[in-house]
Amino acid sequence: MSKQSIEAKTEELLTPVLEEMAFELVDVEYVKEGADYYLRAYIDKDGGITVNDCEAVSRRLEVLLDAEDFISGGYILEVSSPGLTRALKKEKDYIRNIGRPVEVHTFKPVDGVKEFIGDLLRYDKDTVVLDVGQEEPEEAVIPRDNISMIRQYFEF
């Protein structure tokens, strides 16, 4: 089974559980790190996710994965919060972050720059537009197919 198929099937199994618990599925990823495979589910809710929330979801998901048994070979299951600097992956992530600071890294420079920090003004299927001005508004228009990473930005 392909990586994408495993992620899609896991999302399909997990979505009803999370809806019942009033949690949001942020992302599912199936990756190889070193010699091990990891199946990770990132979840969230208003007010943030606790360790107990992660444990409860993990227990329920483990039962479903064992029953379906669609992943050949061993893997490590992890359920966690996406963290403060979570990536924007889905439509709802972009909507949630309109007007908020985001960090964008690009594959190729845009006007000589590969890293941007600014308020997300708007987006569409082709572009992301940030206000990157320090004192005066200044728009940076970044093609979405050139974005290697976009996530919430917090200054520490």
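**Helix, histidine, pocket**

Mentor: Keep in mind that this is a predicted model. Start with helix α2, residues 51–68. Its 18 residues reach 26 Å from first C-alpha to last, close to the 26 Å expected at 1.5 Å a residue.

Trainee: Which residues of α2 are buried?

Mentor: Asp53, Cys54, Val57, Ser58, Leu61 and Leu65. They sit on the same side of α2, because they cover an arc of only 120° around the axis.

Trainee: Why would residues spaced like that line up?

Mentor: An α-helix has 3.6 residues a turn, so residues three or four places apart point the same way.

Trainee: What covers that buried side?

Mentor: The cover includes α1 (3–21), β2 (36–44) and β3 (76–80). The face turned away from the buried side carries exposed residues: Asn52, Arg59, Val63, Asp66 and Ala67.

Trainee: And what comes just after α2?

Mentor: Aspartate 69, with a positive phi of about 45°.

Trainee: New topic. Is histidine 105 buried or exposed?

Mentor: Buried, because its relative accessible area is 19% and the cut-off is under 20%. Histidine 105 lies in strand β4, residues 101–110.

Trainee: What is histidine 105 in contact with?

Mentor: Leaving aside neighbours within four places in sequence, Lys114, Glu115, Asn146, Ile147, Ser148 and Met149.

Trainee: Last one. What volume does the largest pocket have?

Mentor: About 160 Å³. Its lining residues include Phe23, Asp44, Arg86, Arg96 and Gln152.

Trainee: How does the lining divide?

Mentor: Two nonpolar, two polar and six charged.

Definitions and conventions. Residues are numbered from 1 along each chain as its sequence is written. This is a predicted model: local features need pLDDT of at least 70, side-chain atom pairs count only at pLDDT 80 or more; totals for chains, interfaces and linings use all residues. Side-chain values use heavy atoms; hydrogens and water are left out. Helices (H or I, at least four residues) and strands (E, at least two) are DSSP runs, numbered from the N terminus. Buried means under 20% relative accessible area, exposed over 50%, partly exposed in between (1.4 Å probe, protein chains only). Contact means heavy atoms within 4.5 Å. The expected span of a helix is 1.5 Å times one less than its number of residues. The arc is that of the directions from the helix axis to the C-beta atoms. On a 1 Å grid over the protein atoms alone, a cavity is a set of points where a 1.4 Å probe fits but cannot get out, and a pocket is an open set with protein on both sides within 12 Å along at least five of seven lines; lining residues have an atom within 4 Å of a point. Grid points are joined across faces, edges and corners, and a volume is the space filled by probe spheres set on the points. Ala, Val, Leu, Ile, Met, Phe, Trp, Tyr, Cys and Pro count as nonpolar, Asp, Glu, Lys and Arg as charged, and the others, Gly among them, as polar.
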